[in-house]
Amino acid sequence: MSWRQRALERRRIDRLLWVTSLFFVVWLVWVETSFQYFEGSLGSDLRLQSAGVALVAGSFLLPYGLVQVPIGRLIDRGRVELWLLLAALAAACCSLVFASSDSLQGLLLSRIGTGMACAVAFPASAVLARRSLPADRFALAIGFTDGLLGMGAAFAAVVPLLLGRAGWRDLV
């Protein structure tokens, strides 16, 4: 296989990974924004006061904000594919923990883990976009990623309407 064929194959793999990362971004945005639709039923089901529910809701954003830059530096230095895979596995496990949790601590830990996974998803998607697209399309790729944030939020608003707001474990 010539170097040109290897480069084309690598670009094709990077593009597939980038598209996959975009689905991951939509799912993570859905996870974050859908919380506002089931927080009332979650609080009453687990007998949490409103302060506890607010703590669970905010526990996603703190680790996301704190680790975004360090994770970005690690992704720049390392293998984005590995970081993306680890983040996807962590987010899936955290969602399962959240759905089966009966305590405030379990809810907090799962939301913290999901926030950290989200901190990986956005820079990883940007690196994959940079790898798979020409330089003059990078801004378009980032715009597409940001547009999918809105799609994830819209999806979060539609799903509770279809499934009902009372079954928060079903929504998770």
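**Exercises on a predicted model**

Met 116 is a residue of helix 6, which covers residues 104–132. The coordinates come from a predicted model.

**Exercise 1.** Determine whether Met 116 is buried, partly exposed or exposed, and find the nonpolar surface patch that includes Met 116.

*Solution.*
1. The relative accessible area of Met 116 is 39%.
2. Buried requires under 20% and exposed requires over 50%, so Met 116 counts as partly exposed.
3. A patch residue needs over 30% relative accessible area, and Met 116 has 39%.
4. Leu 109, Ile 112 and Met 116 make a nonpolar surface patch of about 270 Å².

**Exercise 2.** Trace the network of salt bridges that links Arg 10, Asp 14, Glu 81 and Arg 131.

*Solution.*
1. Side chains of opposite charge can pair when their charged atoms come close. The cut-off is a Lys or Arg side-chain nitrogen within 4 Å of a carboxyl oxygen of Asp or Glu.
2. Start with Arg 10 and Asp 14, whose side chains form a salt bridge with an N to O distance of 3.3 Å. Both residues belong to helix 1 (residues 3–33) and are 4 residues apart, about one turn of the helix.
3. Check the exposure of this pair. Arg 10 is partly exposed at 37% relative accessible area, whereas Asp 14 is buried at 3%.
4. Asp 14 also meets the side chain of Arg 131 in a salt bridge, at 3.4 Å from N to O. Arg 131 is in helix 6 and Asp 14 in helix 1, so this pair ties together parts that are 117 residues apart in sequence.
5. Arg 131 is partly exposed, with a relative accessible area of 28%. A salt bridge of 2.7 Å, N to O, joins the side chains of Arg 131 and Glu 81. This pair links Arg 131 in helix 6 to Glu 81 in helix 5 (residues 80–100), 50 residues apart.
6. Put together, Arg 10, Asp 14, Glu 81 and Arg 131 are linked in a network of salt bridges. For the whole model the salt bridge count is 5.

**Exercise 3.** Describe how helix 2 and helix 3 cross, giving the angle, the handedness and the contact residues.

*Solution.*
1. Two packed helices are described by the angle between their axes and the distance between the axes.
2. For helix 2 (residues 35–45) and helix 3 (residues 50–58), the axes come within 10 Å and cross at roughly 145°.
3. The crossing of helix 2 and helix 3 is right-handed.
4. Helix 2 contributes Phe 35, Glu 39 and Gly 43 to the contact, and helix 3 contributes Val 53, Val 56 and Ala 57.

Note on methods:
Residues numbered from 1 in each chain as written. Predicted model: local features only at pLDDT ≥ 70, side-chain atom pairs only at ≥ 80, totals over all residues. Heavy atoms only, no water. Patch = residues over 30% accessible without salt bridge, like charges linked within 9 Å, V, L, I, M, F, W, Y side chains within 5 Å. Areas by Shrake-Rupley, 256 points an atom, 1.4 Å probe, with all protein chains shown as cover. Helix = DSSP H or I, 4+ residues; strand = E, 2+ residues; numbered from the N terminus. Buried < 20%, exposed > 50% of the residue type's maximum accessible area, 1.4 Å probe, protein only. Axes fitted to C-alpha atoms, helices over the stretch in contact; angles between N-to-C directions. Left-handed = near helix turned anticlockwise from the far one by under 90°. Contact = heavy atoms within 4.5 Å.
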